Amino acid sequence: MAGLESMIVEEKPQPPKLVDREKTCPLLLRVFCSTGRHHSANEYAYGKVPSNELQIYTWMDATLRELTTLVRDVNPETRRKGTYFDFAVVYPDRGSSFRMREIGVTCSGQKGADDSKTLAQAKFTIGDFMDINITPPNRMPPPRRQRPY
């Protein structure tokens, strides 16, 4: 055992897969926006969803900044500089209940750390919902939860 050496193995993050948007069929992203708070996970239970659905056809390489722009295109009140968009993925749990996981925050008119995060990097699965808490610029931005990693 005298000849054994220890090695440090570094894991390099995988580069995001590039999607050829000309050849790849887009997915339907069902988005639910609310002002000041996220919808409750209970609002998605038993086959029900909140009433204010926005349907977006996009790809897994779509960034949170790209989704912010698409939401701003259809909601004129969200176009003001300083509006925060807090993104969460809503996914099915055991039975007919759902869970919610926050994936990032963007801000109109400002660059942020989560702007370039893609749906794939956020571990979005086709069939999940997107819940967006929109905070107008005259209110406090959404509090950030400490990430467990």
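The buried residues of helix H1 (64-74) are Leu 64, Leu 67, Thr 68 and Val 71, where buried means under 20% relative accessible area, exposed over 50% and partly exposed in between (1.4 Å probe, protein chains only). Viewed down the axis of H1, these buried residues fall within an arc of 105°, so they line one face of the helix; the arc is that of the directions from the helix axis to the C-beta atoms. The buried residues of H1 pack against E1, E2, E3, E4 and E5. Helices (H or I, at least four residues) and strands (E, at least two) are DSSP runs, numbered from the N terminus, and contact means heavy atoms within 4.5 Å.

The structure is a predicted model, in which local features need pLDDT of at least 70, side-chain atom pairs count only at pLDDT 80 or more, and totals for chains, interfaces and linings use all residues. Residues are numbered from 1 along each chain as its sequence is written, and side-chain values use heavy atoms, with hydrogens and water left out.

The protein chain contains one helix and five strands, and its elements run β-β-α-β-β-β from the N terminus on. Of its 149 residues, 36% count as buried. The accessible surface of the chain comes to about 10300 Å², and 53% of this belongs to carbon and sulfur atoms. Accessible areas come from the Shrake-Rupley method with a 1.4 Å probe; for residues, only the protein chains shown count as cover. Among contacts between residues at least 6 apart in sequence, 67% join residues at least 24 apart.

The five strands form an open sheet in the order E2-E1-E5-E3-E4, with mixed pairing. Strands E2 and E4 are the edge strands, each pairing on one side only. The twist averages 30° from one strand to the next; axes are lines fitted to C-alpha atoms, for helices over the stretch in contact, and angles run from 0 to 180 degrees between N-to-C directions. Two strands count as paired if DSSP finds at least two bridges between them. Strands of a sheet pair through backbone hydrogen bonds, either parallel or antiparallel. E1 and E2 run antiparallel and are joined by six bridges. Within this pair, Leu 29 has Ile 56 of E2 as its bridge partner, and Phe 32 stands opposite Glu 53 in E2. In a regular strand the side chains alternate between the two faces of the sheet.

A nonpolar core is a set of buried Ala, Val, Leu, Ile, Met, Phe, Trp, Tyr and Cys residues joined through side-chain atoms within 4.5 Å. The largest such core has 20 residues, and those with the most contacts inside it are Leu 29, Val 31, Phe 87, Met 130 and Ile 132. At least two residues of this core are supplied by each of strand E1 (27-35), strand E2 (53-58), helix H1, strand E3 (84-92) and E5. E1 gives the largest share, four residues. A second, separate core of five residues includes Phe 32, Tyr 44, Val 90 and Phe 98.

Not counting residues up to four places away in sequence, Phe 87 touches residues including Leu 64, Leu 67 and Thr 68, together with Met 130 and Ile 132. Ile 132 is found in strand E5 and counts as buried at 1% relative accessibility. The C-alpha atoms of Ile 132 and Gly 104, 28 residues apart along the chain, are separated by 9.9 Å.

The loop between strand E4 (98-107) and strand E5 (129-135) holds Thr 118. Thr 118 is buried, with a relative accessible area of 9%. Leaving aside neighbours within four places in sequence, Thr 118 is in contact with Met 60, Asp 61, Ala 62 and Thr 63. Lys 111 is also found in the loop between E4 and E5, but is exposed, with a relative accessible area of 83%. The C-alpha atoms of Lys 111 and Arg 65, 46 residues apart along the chain, are separated by 9.1 Å. Lys 123 lies in the loop between E4 and E5 and has a positive phi of about 60° although it is not a glycine. Lys 123 counts as exposed at 63% relative accessibility.
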